[in-house]
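Hi everyone, thanks for coming.

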Amino acid sequence: MTTTLDRSAVQSSNNVWQMAQSQLDDVARLIGLNADVHAYLREPKRVLEVSIPVRMDTGAFQMFRGWRVQHNMSRGPAKGGIRFHPDVSLDEIKALAMWMTWKCALANIPFGGAKGGVICNPKAMSMQELEHLTRRFTSEISIIIGPEKDIPAPDVYTTPQIMAWIMDTFSMQHGYSIPGVVTGKPISIGGSLGRDKATARGCMFVVDEAMRVLDLPIEGARVAVQGFGNAGLHAAALMSAAGYRIVAASDSQGGVANPNGLDVRGLISHKTETGSVTGFSGGERISNKELLECDCDVLVPAALEKVITAENAARIKAKIVAEAANGPTLPEADRILFDRGIMVLPDILANAGGVTVSYFEWVQDLQENFWEESEINERLKKKMVRSFHETRAEAERYKVDLRHGAYAVAVGRVAEATSVRGLYP
Ligand code: NAD
């Protein structure tokens with residue numbers, strides 16, 4: 001397969017917002033996107049910056065800064081997580097909001113894209129301080145969120161408990177319970193069964209399809225997982241139970257490998273007890289760098305952005321790279337992997353299971369009717385498999401990699417909705 005893309009257009013940049021815009025420009029050229037619609041989609045619809053005053057436990061007064069960005073709402077209410085992190089920036093939130101628009105469109109769920117963030121260090125804050133911060137932030141952004149407008153969810157360092165405070169604050173302001181304002185909630189207040197494992201399960205479903213397409217047997221296929229948190233741990237557990245052999249796993253402190261297969265249950269217990277996968281007796285210690293380049297059939301980056309680069313892409317041995325993490329592969333690395341015939345399942349496809357089950361949660365909340373977990377997993381599988389084949393069809397049509405195929409589907413859908421709605425006023 002050859003590529004028809006002018007890939008030089010996508011510059012690797014430390015500015016993720018420029019990178020996100022550049023990705024859109026690239027796909028706009030590929031699909032011949034109308035220039036007006038392209039200009040429209042290059043910018044967020046709405047950016048709200050808020051100041052958040054908090055009384056800390058010491059009695060001191062502290063100001064925090066936060067944002068909610070809504071990128072596009074042509075296909076429905078905006079959807080996207082809230083990130084609490086010391087390094088959050090407006091540009092990062094704008095990029096993540098744009099990526100949410102494409103992810104929801106590719107999954108074909110009736111949402112646009114949004115993201116929120118607060119500059120703070122939750123690891124250094126007490127539960128009470130976090131609660132005060134969350135409630136005041138929710139109050140400040142309550143003018144633009146709501147079940148019909150914009151539905152937040154968890155992201156880095158935000159938890160089901162934080163979602164519960166968001167739901168409660170919004171509900172208190174309105175005088176009645178409004179569970180549909182946020183997803184990723186605890187089950188007891190309208191959360192969905194299966195949400196915790198949804199990202200990993202969705203990722204496994206698309207890997208299963210890729211294995212079939214490449215005519216590779218699932219039983220015994222060797223998998224390396226970078227990152228052992230929500231996405232990575234559950235991916236290792238589910239894939240191991242499905243017959244894959246997990247040959248390496250890692251977290252921020254390093255990794256562990258065993259070519260005969262790790263005992264994943266034992267590894268999870270070890271991680272739970274010690275806080276890390278390192279030191280697990282059932283394998284040899286390896287570094288995160290070595291994990292990426294280890295002998296395996298499927299590599300699942302499930303930790304950070306920008307880990308597969310022009311420097312290491314030529315040494316990756318996997319036949320499939322499944323991006324459970326957001327943005328793990330740089331554009332230059334994408335080109336190298338594509339030229340080497342390695343199938344990259346892009347993030348907006350491979351990790352869409354989380355937002356898909358968030359959509360199911362919202363639907364259940366609105367209907368006040370909750371589904372069995374088996375039904376949720378079945379519906380998730382249908383959506384993931386369909387997205388995989390739609391992505392593949394577009395990639396073949398344009399003779400490009402799956403990332404550009406996925407973007408072609410997603411941007412095409414958003415462009416169509418934006419055009420058909422027309423320009424107001
Ligand atoms: P998490 O915080 O639960 O887990 C992150 C894991 O990465 C931890 O095990 C941590 O130790 C590890 N890690 C941190 N630094 C590392 C490093 N330098 N090298 C190797 N491992 C390192 O986070 P998560 O929810 O699992 O998210 C991981 C990725 O998946 C992120 O990119 C996130 O945006 C993406 N994602 C998650 C979901 C979801 O539903 N959780 C949905 C979509 C995308």
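Here is a question to start: how far is a nitrogen atom of the ligand from an N or O atom in the side chain of N288? The answer is 3.2 Å, which falls under our polar contact rule, a pair of N or O atoms within 3.5 Å. Taken alone, the ligand exposes 830 Å², and the protein buries 72% of that; these areas come from the Shrake-Rupley method with a 1.4 Å probe.

Before going on, a word on the background. This is a predicted model, where local features need pLDDT of at least 70, side-chain atom pairs count only at pLDDT 80 or more, and totals for chains, interfaces and linings use all residues. Residues are numbered from 1 along each chain as its sequence is written, and side-chain values use heavy atoms, with hydrogens and water left out.

Back to the ligand. Backbone N or O atoms also reach its oxygen atoms: one from N230 at 2.9 Å, and one from S252 at 3.1 Å. There are 19 residues around the ligand, and T199, F228, N230, A231 and N326 come nearest; a residue is near if one of its heavy atoms lies within 4 Å.

Now please look at strand β10, residues 298-301; strands here are DSSP runs of E, at least two residues, numbered from the N terminus. V298 and V300 point one way, L299 and P301 the other, and all are buried, meaning under 20% relative accessible area with a 1.4 Å probe, protein chains only. Strand β6, residues 222-226, runs parallel to β10, joined by 4 bridges, and Q226 stands opposite P301.

How values were computed: Buried < 20%, exposed > 50% of the residue type's maximum accessible area, 1.4 Å probe, protein only. Pairing = 2+ DSSP bridges. Polar contact = N/O pair within 3.5 Å; in protein donor to acceptor, adjacent residues only side chain to side chain.
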